[in-house]
2 protein chains.
Amino acid sequence: MVASLRLPSLTSLLFPATTRYPAALRRTVCLRTRPASGFATAPSGTASPEVERLRSDRAVTPRSQDFNAWYLDVIASAELADYGPVRGTMVIRPYGYAIWEAIQEYLNVKFKETGHSNMYFPQFIPYSFIEKEASHVEGFSPELALVTVGGGKELEEKLVVRPTSETIVNHMFTQWIQSYRDLPLMINQWANVTRWEMRTKPFIRTLEFLWQEGHTAHATPEEAEKEAKQMIEIYTRFAFEQTAIPVIPGRKSKLETFAGADITYTIEAMMGDRKALQAGTSHNLGQNFSRAFGTQFADENGERQHVWQTSWAVSTRFVGGIIMTHGDDTGLMLPPKIAPIQVVIVPIWKKDSEKTEVLSAASSVKEVLQTAGVRVKLDDTEQRTPGWKFNFWEMKGIPLRIEIGPRDVSSNCVVVSRRDIPGKAGKVFGISMDPSTLVVYVKEKLDEIQSSLLEKAISFRDSNIVDVTSYDELKDAISSGKWARGPWSASDSDEQRVKEETGATIRCFPFEQTQGTKTCLMTGNPADEAAIFAKSY
Amino acid sequence: MVASLRLPSLTSLLFPATTRYPAALRRTVCLRTRPASGFATAPSGTASPEVERLRSDRAVTPRSQDFNAWYLDVIASAELADYGPVRGTMVIRPYGYAIWEAIQEYLNVKFKETGHSNMYFPQFIPYSFIEKEASHVEGFSPELALVTVGGGKELEEKLVVRPTSETIVNHMFTQWIQSYRDLPLMINQWANVTRWEMRTKPFIRTLEFLWQEGHTAHATPEEAEKEAKQMIEIYTRFAFEQTAIPVIPGRKSKLETFAGADITYTIEAMMGDRKALQAGTSHNLGQNFSRAFGTQFADENGERQHVWQTSWAVSTRFVGGIIMTHGDDTGLMLPPKIAPIQVVIVPIWKKDSEKTEVLSAASSVKEVLQTAGVRVKLDDTEQRTPGWKFNFWEMKGIPLRIEIGPRDVSSNCVVVSRRDIPGKAGKVFGISMDPSTLVVYVKEKLDEIQSSLLEKAISFRDSNIVDVTSYDELKDAISSGKWARGPWSASDSDEQRVKEETGATIRCFPFEQTQGTKTCLMTGNPADEAAIFAKSY
């Protein structure tokens, strides 16, 4: 396996990141200059001006210029999602949904490995259920969607479209749990949920979203606590290993705890604009719902006890987290492990006489990689120039690009470029003699990209967390757009004050804490733990 | 591989099918008599009377006695589903959901292989959308659930909770489709849908159910027709090959066509009570929705054309179809290919000294089968007698049971029984020397069961379809509980009359038709095709 570096690549020379769009311009440049390179040439079929015009609206605002505009542009241009007809709703398009499917595939296996079964609860919940747990109704009632008419008739009791399922789950658990032998009861469902949010943003906060919600019932508080911790640990590993997002796992403050939970564990992620995203939560519900619903079991002595419960969830919000963690001015950048397409192959030819051999070589490269389990796409459309394709697939965040031109075919090699290192490309030789050379190279590169994205995100995260010892330092950190980490043992009202004065909330008390005595940044009293404060989505 | 037959089994001798429940009685008999067999003995730990009492409510009404009561009993006892708190809603429990997951797994792959991408549309649809397609609103408006309050406020426009998504799909397609290059557009979603049904039945007809709905847009009517046919063909193969249900594919009559379709293709299945179940449909929508929503594309000549569309769906109703096709007096009977558990291992021991070696042998059998890809469960609980377990897992429909007792361990064999052939068991010898012997035997038996269930269902179906040539013959067939098949070219009002007078509807004009001239059974006029009439769910 031989890989020689070619630095910088034509693409980056011709189209520096900040000036890549609009597409129409780039195409002209590309057609005029690429032939000189000896391998990158005009395709035999070029796109009609009409098509190029249609596509020119794919322009992405540079991230460095306007993060929010960039985020919305990426979602539109990369065809991740679209707006639904009802305010605040979202249509998840195939490319965005494929990322969600990758999330589902991984977590679904982990849930089953840890003893959970999938099932499905109805989404219509009698309104009276929501009222049973005091803090739950307080937390959720402003966000409810209500069905009041069914089959042409006004309903006697209005129905809540589930915002979460603890209430209906407990209603059913009371019927399924009789004795300690029925415990633990550990289930999960993949479902849609509805929360009537006022300020919405695709993937991050929508009226309806997709999630999984796990619900468990245990005989002892220790078991419930262990389960709640286990699930946040699974989410943490998932975030690090699959999505390359270095989340910080920890415990929520009392004020930020889920409506109905004793303890909420969370994973907090730093987005590219340094705002925090709560990317997953796991709740120790104690006996709050079991007392409200009478979910009891006979213990080994035949005595009736209320079960101890947990619930935990990850949603399509995670897709937003992936976009906002790794994207750059050019567009999306996907970690290979969850990328729907890991490698795109762009065949390049000038004359019709070259087309057959180039396409044939491209097809066999595709075949080789596909057989080896790599998710690969061959973009052999003749309606686009290679330059257009390079930019398009970069914007779509494909981790690796393989170019094959006539010279590559005759010298029996391909050119491989990494999405995360602009302008750096390698050549792999001898692939027709030993296809495994390419497979090994590609898999190695994909692993490198995966690790590299994680390392980059870790160093970005760590360089943007400031350790603070006073409220003034906290305010400085927050106003400079960073996260503040400092010892905290002050009151709920102090926490509320920080929020009002700085816009930042306690994201979590991280599990990982430094040793030694600590002094509360606000009160000067002793503090057991440091908290992380940040503005958040 | 040696398999000796042991005929009849103890289970069937002791508990003839019609008298198997209640469990308490069976347990007594079992404990008293099983030791004499030399391999089936009392377990070291026996269940408390309390537990046996709790379980005795698993009694299943024999199918032959009351089909409907049997169906509901099976669903409850096998823990397939439960009733939700809102009338007509259903909780799908893990065992039932696992069957749905098997359906999803197979179809999801087929949809992707045929070029469809998964995505997700919001479930809230503006009421005005439903009104756009005339026959669609007529068909669905009586069944709608309406959200009228969101976030504490009365909504300006009430929202429909999707009963199906053609309208919102077309609303979005208008934004995504510009030119013929954007076609075909082929998507699918796995989702919940709501239809305010008055007469509900678990799995078969519930207020909310799970399904997949495919939606495609094409440039020509020929392509749309080909797609609609392709999808009903995929459903047909799925039904035959995976679920062993010999559905009859065909075309719906005009009266029974989907509200908004030009043509509806259907697969019709005969349940154990000889009622028909519409198990899946595929619609050629023509331009009905594209005209209502203005879904147009520029063709190769730059002219604007309305797209040609299809939609197709299979739902959790299929689970009900599997139950009602294969079950018997004892309970559920699952085709191996979609059975969540294909093999249950029941270890049997009398003395504590035997326990270790029996459990160890049972564990290695489990290991061997699991490694070979067989879905296997080892029921090693000490709270139940082997007799209880036999009956329980038979009721749950597990295709194969493996028993291992001390004598089996010493003679290096296991006893294998088929769920579908009561009283017939085989012995497999020499498994510790060559584990593949058992794997081959088990896989062969699973294949045999799969084929045998299909053959049985085919012969049941065919012996219950009567070819009729007159309306009197049709009435006789229907009143005897059978299906009637006869040439039909009569009017919609004649069809309506048949429904009113016999309770039967045209299920379909089967694709498979006999050659030769036909005479309409009702009018005596020439007829192109025969139709199938039956009472249905």
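**Ground rules.** I number residues from 1 along each chain as its sequence is written, and I letter chains from A and number ligands from 1 in the order in which they are written. Because this is a predicted model, local features need pLDDT of at least 70 and side-chain atom pairs count only at pLDDT 80 or more, while totals for chains, interfaces and linings use all residues; side-chain values use heavy atoms, with hydrogens and water left out.

**Entry 1: the two copies.** I began with how the chains are related. A rotation of 180 degrees, with 0.0 Å of shift along its axis, places chain B on chain A at an RMSD of 0.0 Å (least squares on the C-alpha atoms of residues with pLDDT of at least 70 in both copies). This is the relation of a two-fold axis. Through which surface do the copies meet? They meet through the same surface, since 100% of the interface residues of chain B are also interface residues in chain A.

**Entry 2: chain A overall.** I looked up 17 helices and 26 strands for chain A; these are DSSP runs numbered from the N terminus, H or I of at least four residues for helices and E of at least two for strands. Of the 537 residues in chain A, 61% are buried (under 20% relative accessible area; exposed is over 50% and partly exposed in between, with a 1.4 Å probe and protein chains only). Chain A exposes about 20400 Å², and carbon and sulfur atoms supply 49% of that (Shrake-Rupley method, 1.4 Å probe; for residues, only the protein chains shown count as cover). Taking contacts in chain A (heavy atoms within 4.5 Å) between residues at least 6 apart in sequence, I note that 71% join residues at least 24 apart.

**Entry 3: A:Ser290.** I placed A:Ser290 in helix 10 (residues 288-293) of chain A. Its relative accessibility is 0%, so A:Ser290 counts as buried. The side chain of A:Ser290 reaches the backbone oxygen of A:Val307 at 2.8 Å, a polar contact (N or O atoms within 3.5 Å; within protein, one must be able to donate a hydrogen and the other to accept it, and residues adjacent in sequence count only if both atoms are side-chain atoms). A:Asn170 is 120 residues away from A:Ser290 in sequence, yet their C-alpha atoms are 6.7 Å apart.

**Entry 4: A:Thr220.** I found A:Thr220 in the loop between strand 9 (208-218) and helix 9 (221-241) of chain A. A:Thr220 is partly exposed, at 28% relative accessibility. Its side chain reaches the backbone nitrogen of A:Glu223 at 3.1 Å.

**Entry 5: helix 4 of chain B.** What caps the N-terminal end of this helix? B:Asp66 does, with a side-chain oxygen 3.2 Å from the backbone nitrogen of B:Asn68. The buried residues of helix 4 (residues 67-77) include B:Phe67, B:Trp70 and B:Tyr71. I see the buried residues packing against strand 2 (81-83), helix 11 (317-326) and helix 13 (386-395) of chain B. After the helix comes B:Glu79, with a positive phi near 55 degrees.

**Entry 6: B:Glu495.** I finished in helix 17 (residues 492-502) of chain B, where B:Glu495 is found. B:Glu495 is buried yet has no salt bridge (a side-chain nitrogen of Lys or Arg within 4 Å of a carboxyl oxygen of Asp or Glu). The nearest side chain of opposite charge is B:Lys499, 8.0 Å away (Lys and Arg count as positive, Asp and Glu as negative; His and the chain ends are not counted).
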